[in-house]
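Have the structure open as you read.

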Amino acid sequence: MKQLAIFCAAALAVLSGCISYEYDGKVSGTPTSTVEICTDASKLNMNEYSLLGTASASGDSVNYSRYELFEKLSGEAKKCGADIILVISHQVVPSSVGRADGINASFDQGDSNTSWQQIGRDMDSTYGNARGRGSNESIGSYTRVIRAKFLKRNNSAAADKK
């Protein structure tokens, strides 16, 4: 019985320390070797790209930075044959909320460091307390969620780049 309890505790620790990944879309031919990450759709000519699918990566905000989630998305995007990862949103939500849209979310609307710094300031000032709750009603952990689109260059756009 004691061994079962130790096994369950170890399994729980391993499972809670993972980056979750979901993808809804297709795979385009051969994998790519490089993938560009874009956080501002206005910098892309969307006529040059086709949507392969949408993806999300999430993990405990204390254990996983946005860069680690980007690495996960990049690896998966390469397998799908994507050329660009277009970040739709970056959220930090109470773990009890899971991945619900729009709740205690912080969004990145551009490439500037100021928006990422604002997310950090929000986390530093409100970590442990959900907005709208009393100061003694603590939520223990937060989940970082990045949602993105995987884009593939159209053949004509790829030929123009050469």
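S74 counts as buried at 14% relative accessibility, where buried means under 20% relative accessible area, exposed over 50% and partly exposed in between, with a 1.4 Å probe and protein chains only. This is a predicted model, so local features need pLDDT of at least 70 and side-chain atom pairs count only at pLDDT 80 or more, while totals for chains, interfaces and linings use all residues. Residues are numbered from 1 along each chain as its sequence is written, and side-chain values use heavy atoms, with hydrogens and water left out.

S74 sits in helix α2 (residues 66–80); helices (H or I, at least four residues) and strands (E, at least two) are DSSP runs numbered from the N terminus. Not counting residues up to four places away in sequence, S74 touches V35, I37 and I85, contact being heavy atoms within 4.5 Å.

Now for I85. Leaving out residues up to four places away in sequence, I85 touches V35, E36, I37, C38, L73, S74, A77, A148, K149 and F150. I85 also belongs to the largest nonpolar core, which has 16 residues, and is listed among those with the most contacts inside it, along with L69, L73, A77, A82, I146 and F150. A nonpolar core here is a set of buried Ala, Val, Leu, Ile, Met, Phe, Trp, Tyr and Cys residues joined through side-chain atoms within 4.5 Å. The elements giving two or more residues to this core are β3 (49–60), α2, β4 (84–94) and β5 (142–153). Helix α2 supplies the largest share, five residues. Apart from this core lies another one of six residues, including C38, L44, L86 and L151.

What about I84? I84 is in strand β4. Leaving aside neighbours within four places in sequence, I84 is in contact with V35, E36, C38, L44, Y49, K149, F150, L151 and R153. The C-alpha atoms of I84 and Y49 are 8.7 Å apart, although 35 residues separate the two along the chain.

Then there's T32, in the loop between β1 (20–25) and β2 (36–38). A polar atom of the T32 side chain lies 2.7 Å from the backbone oxygen of A82. Beyond neighbours within four places in sequence, T32 is in contact with A77, K78, G81, A82, D83 and K152.

Here's how buried these residues are:

| Residue | Relative accessible area |
|---|---|
| T32 | 15% |
| S74 | 14% |
| I84 | 1% |

Note on methods. A polar contact is a pair of N or O atoms within 3.5 Å; within protein, one must be able to donate a hydrogen and the other to accept it, and residues adjacent in sequence count only if both atoms are side-chain atoms.
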